[in-house]
Amino acid sequence: MVIAVSIFYYVISKQMSTAVAPSCDSKDLCDKLLKPPNISDCINGICQCIGESIYVESNNTCECLDGYVVGSKKCLPLSSALGSACDEDVQCSRMGELAICDNYECYCRSGSTSVSGKCQDKKLIGQKCNTSDDCKHIKKSVCEDNICVCDEGHVPNSDARLCLR
């Protein structure tokens, strides 16, 4: 029973604010003392990691818990897939550098496409590819010998963005 209580306390304490050594008189001072900024606050004269973050004494930082990422004002949950909920672009990072948060959902930036759940630049006919998924945004195209090509009986248009009959 004692073990269960101590395990329960550990899990709860990881989810709550964890006291940090530096003393303070303002949030601004904590943001300067602890990196990254915005996930600490001055509470009762002591800098504390807030929200879904914990203090890492070895490098004097606040770090977001697993499954969270540093946002502009706090640790935010990582979004799990394209179309999932978000408040900031950083939450969409699991979907690659070209993923953004738009209207509170993760999407691929304009000019990019989703391949196996990750955002990547749209390939043109003649560009390198790994699978036909890389070329799928161009109707009647496939990845053949690691190059996006038009299906048999089709040819690329002048800017290599379409396959025409």
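**Disulfides and a serine in a predicted model**

Modeller: In this predicted model, the torsion about the S-S bond of Cys 150 and Cys 163 is about -90 degrees, so the disulfide they form is left-handed.

Colleague: How do you know that Cys 150 and Cys 163 form a disulfide?

Modeller: The sulfur atoms of Cys 150 and Cys 163 are 2.2 Å apart, and because a disulfide is a pair of cysteine sulfur atoms within 2.5 Å, the pair counts as one. Cys 150 belongs to strand β13 (residues 147–150) and Cys 163 to strand β15 (residues 163–164), and the pair links distant parts of the chain, 13 residues apart.

Colleague: Are Cys 150 and Cys 163 buried or exposed, and what makes them so?

Modeller: Buried means under 20% relative accessible area; Cys 150 has 14% and is therefore buried, and Cys 163, with 12%, is buried as well.

Colleague: How many disulfides does the structure hold?

Modeller: The structure holds ten disulfides, including one that joins Cys 30 to Cys 47, with an S to S distance of 2.2 Å. Cys 30 sits in helix α2 (residues 27–33) and Cys 47 in strand β3 (residues 46–49), so that this pair too links distant parts of the chain, 17 residues apart.

Colleague: Why is Cys 30 called buried, and why is Cys 47?

Modeller: The cut-off for buried is under 20% relative accessible area, and because Cys 30 has 0% relative accessibility, it counts as buried; Cys 47, also at 0%, counts as buried by that reasoning.

Colleague: What makes the link of Cys 129 and Cys 143 right-handed or left-handed?

Modeller: Cys 129 and Cys 143 are joined by a disulfide, S to S 2.0 Å, and with 95 degrees about the S-S bond their link is right-handed. Cys 129 lies in the loop between β11 (118–121) and β12 (141–144), while Cys 143 is in strand β12, so the pair ties together parts that are 14 residues apart in sequence. Both of these cysteines, Cys 129 and Cys 143, are buried.

Colleague: Which residues does Ser 112 touch?

Modeller: Leaving out residues up to four places away in sequence, Ser 112 touches Leu 98, Cys 119, Gln 120, Asp 121 and Lys 122. The side chain of Ser 112 also reaches the backbone oxygen of Arg 109, at 2.6 Å.

Methods
Residues are numbered from 1 along each chain as its sequence is written. This is a predicted model: local features need pLDDT of at least 70, side-chain atom pairs count only at pLDDT 80 or more; totals for chains, interfaces and linings use all residues. Side-chain values use heavy atoms; hydrogens and water are left out. Helices (H or I, at least four residues) and strands (E, at least two) are DSSP runs, numbered from the N terminus. Buried means under 20% relative accessible area, exposed over 50%, partly exposed in between (1.4 Å probe, protein chains only). A polar contact is a pair of N or O atoms within 3.5 Å; within protein, one must be able to donate a hydrogen and the other to accept it, and residues adjacent in sequence count only if both atoms are side-chain atoms. Contact means heavy atoms within 4.5 Å.
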